[in-house]
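Student: I am new to this structure and would like to learn how to read it. Please take me through a few features in turn.

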Amino acid sequence: MHRVLVTAVGGNIGQGVVKALRAGSHDYFIVGTDMEPRSAGFSFVDRACVTAAAGAPGMAPALAAMLGSERIEAIFVCSPQELAFFGAARGDLERATGVRVLINPEPVIRIGQDKFETARFLATHGFPCPETALVDDGPAVDRLIERWGFPVIAKPRSGWTSVNVFAIRSRAALEAVRVLVPDLVVQQYLPEATGEYTAGVVGSASAHRFAWIVLRRDLTQGTTYRTELVQDETIGARIVAMAQALGVEGACNFQFRIVDAQPFVFEINPRFSGTSGIRYLYGFNDPEMAFEQACLGQPIVQPAVRPGLVMRYWNEVHVADVGFRSMGEGAPATGRVIALPPPPGFEVIGS
């Protein structure tokens, strides 16, 4: 049995990774971490750890100690906010414990988490992308509007989901958003005649091997809730070329619309995706493929995928004999951990 750690199991990325691993071809003992003691994801793992925020004082050595005692082989980093911490701690953790931290190299993370740098990378390498300008670069914004007109898209330079993403239809609206939300980018609006797409890759640029999947998707509140398999070889080859040029090592996600028969990528997520819990149902299990590549030395092979739709729905879990306060409500914070003895079967790291 392989022993792995999945972070942020309170969110849909972590829960999707857990689901994919449970459906995989190997047996896993899964340790799950989250900052929230009342995380539903704790119900799906073999051991649960309530943690402080990534980067809090004492987290790195406490984490290393837990990795050693639990004999963890790999860490699946499932929160965008944790990428910087694990990127900085990766070398020390891997040397001290032998664990593999399944994240991309720092340049890949830096480009993917910065939408202006994403657009600059794509344009520099000749890949189609929406024209993008910093909102405070007046001349560049003027050129973009003169070339493409309204609407334009304004969104945070760094961010995820659809929080503070606006379709702007006038200069007055753009000025109002610029005042209200700091550090925005302005992008050419892409037509959505064929909808929006998400593509996942897993593999290694250094080995020149990738597997890929393309899905058309419907969203609600910035999250994918319904998908259709669209395994187009031309699009797949284009996405793999982007991953190769970017230097992806592991999992990466590309979001795009089709314009003039070309995928115009407007966002790169350099990590496991919220659709990892969807892709495995098509036969594309990127968490397990990433583990096999990094920990078992198995080369990436393009899997056979199953056509169809995948639709999400709410589900519930009952946790017996506890209440809000006994699972963390009102617990004082020390700055390092939630200062409350956890329920039976839970552990706290970072103290």
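Tutor: Start with the term patch: it is made of residues with over 30% relative accessible area and no salt bridge, with like charges joined within 9 Å and nonpolar side chains (Val, Leu, Ile, Met, Phe, Trp, Tyr) within 5 Å. Accessible areas come from the Shrake-Rupley method with a 1.4 Å probe, and for residues only the protein chains shown count as cover. A salt bridge is a side-chain nitrogen of Lys or Arg within 4 Å of a carboxyl oxygen of Asp or Glu. Here Phe44, Val317, Val319 and Val322 form a nonpolar surface patch, and together they have about 280 Å² of accessible area.

Student: What kind of model is this, and how are its residues numbered?

Tutor: This is a predicted model, in which local features need pLDDT of at least 70 and side-chain atom pairs count only at pLDDT 80 or more, while totals for chains, interfaces and linings use all residues. Residues are numbered from 1 along each chain as its sequence is written, and side-chain values use heavy atoms, with hydrogens and water left out.

Student: Where is Val317 placed?

Tutor: Helices (H or I, at least four residues) and strands (E, at least two) are DSSP runs, numbered from the N terminus. Val317 sits in the loop between β15 (309-311) and β16 (346-348).

Student: Is Val317 buried or exposed, or in between?

Tutor: Buried means under 20% relative accessible area, exposed means over 50%, and partly exposed is in between (1.4 Å probe, protein chains only). Val317 counts as partly exposed because its relative accessibility is 38%. Ala84, in helix α3 (residues 83-97), counts as exposed because its relative accessibility is 59%.

Student: How do I check the length of helix α8?

Tutor: The expected span of a helix is 1.5 Å times one less than its number of residues. Helix α8 (residues 233-246) has 14 residues and should span 20 Å; its end C-alpha atoms are 20 Å apart, which agrees.

Student: Which residues of α8 are buried?

Tutor: They are Ile235, Gly236, Ile239, Met242, Ala243 and Leu246. These residues lie on the same side of α8 because they cover an arc of only 120° around the axis; the arc is that of the directions from the helix axis to the C-beta atoms. Glu233 and Thr234 are exposed on the other side of α8.

Student: What do the buried residues of α8 pack against?

Tutor: Contact means heavy atoms within 4.5 Å. The buried residues of α8 pack against several elements, including α4 (106-112), α5 (115-124), β10 (196-204) and β11 (209-220).

Student: How many salt bridges are found in the whole structure?

Tutor: Side chains of opposite charge can pair when their charged atoms come close. A search of the whole structure finds 21 salt bridges. One of them joins the side chains of Glu131 and Arg147 (2.7 Å, N to O). This pair links distant parts of the chain, with Glu131 in the loop between α5 and β6 (132-134) and Arg147 in helix α6 (residues 138-148), 16 residues apart.

Student: Which strands hold Glu228 and Arg216?

Tutor: The side chains of Glu228 and Arg216 meet in a salt bridge (2.5 Å, N to O). Glu228 lies in strand β12 (residues 223-229) and Arg216 in strand β11, so the pair ties together parts 12 residues apart in sequence.

Student: Which residues are linked in a network of salt bridges?

Tutor: Asp114, Glu117, Arg120 and Arg157 are linked in such a network.
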